[in-house]
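Dear colleague,

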Amino acid sequence: MSESSSSTPDKSQVHKTSADNASTDICQRFLFADADVRGEIVRLTRSYTDTVSNHAYPPAVSSLLGEFLAAGVLMGSAIKYDGRLVLQVRGDGELNLIMAECTSEGAIRGIARFDVAPESADFDALTGNGVLVITVDSRHADPYQGIVSLEGESLAASLQTYFAQSEQLQSWFYFAVDEDQACGFMIQQLPGASGSDADAREESWQHLLTLAQTLTPSEMLALSNAELLHRLYHQEEVKLFPPRQFHYQCSCSRERTARALISIGKEEVDSIVAEQGAVSIACEFCGTDYRFDASEIALLFQDRGDLIH
Ligand SMILES: [Zn+2]
């Protein structure tokens, strides 16, 4: 922030709530009183470390997965849904897969998959040429899928392109991840009211964007949300909303695993049982092991509609 602004009165009205940063896994919305712009700040600690623990990810992969988790939460705040949002890359980089999932109940999980442990920390090298796919499975609406080509430099740039293309809204994303937390910051234009002055809208967006772009990783990781907004926007009137909670939770279950077995087909599953006496499937996300013995497998294929538990 420029020093020239220090002589103007401090209009900051960041409303601190008692819950500010009380939980370690939160996303908080903020709104500017004098601009058609909204923002979100996400901080994930426990849910991030739970996601990457028990996986031997190189630090750069953990870090990018942290960005994906934070991005999943930020995307969820921008898209109304009742169900599951998945953000994933389909590319030809060093990672075969990187994805994050966020449910409307605040459960998040994610995974990265590779054949050879990547040595690069470069977004382009990790993801390669490809697309970022946003899938929303809603319980009460048709599934939605948005696809945007990967912008070489960062996940943030790809998300900005997505919103520019799909919603014609300008947005700006920023991520900072260390060993203990994955943080994300977003500002986004709100759709303009009809008759609103396009030049004034653009000017106010550019002003808020320029200030946001002064954000540093250490500020993002160390400051509370209220402190962060004060640091960036102490001359603006900003309203900070109560935090929404998130937690790590894997959505795997014995029933879903049984359904996956059925989709593999009786012949193949029977051949595994013949060879090994049972079928054992470990959840790729959380490592939970689901074991089905021969009699359970027989029941599974005998009555597909009545899954065993
Ligand atoms: Zn699981």
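How many bridges join strand β6 to strand β7? The two strands, residues 130-138 and 144-149, run antiparallel and are joined by six bridges, where pairing requires that DSSP finds at least two bridges between two strands, and where helices (H or I, at least four residues) and strands (E, at least two) are DSSP runs numbered from the N terminus. Within this pair I134 stands opposite G146 in β7, and the two strands form a hairpin with five residues between them.

Before going further, please note that this is a predicted model, in which local features need pLDDT of at least 70 and side-chain atom pairs count only at pLDDT 80 or more, while totals for chains, interfaces and linings use all residues. Residues are numbered from 1 along each chain as its sequence is written.

A second hairpin is formed by β8 and β9, with four residues between them; β8 and β9 (residues 182-189) pair in the antiparallel sense over seven bridges, and F175 has G184 as its bridge partner in β9. Seven of the seven residues of β8 (residues 171-177) are buried, so this strand is largely enclosed by the rest of the structure; a residue is called buried if 20 or more other C-beta atoms, placed from the backbone, lie within 10 Å of its own, exposed if 12 or fewer, and partly exposed in between. Both faces of β8 are covered, with S171, F173, F175 and V177 buried on one side and W172, Y174 and A176 on the other.

As for helix α2 (residues 59-78), 16 of its 20 residues are buried, so it too is largely enclosed by the rest of the structure.

With best regards
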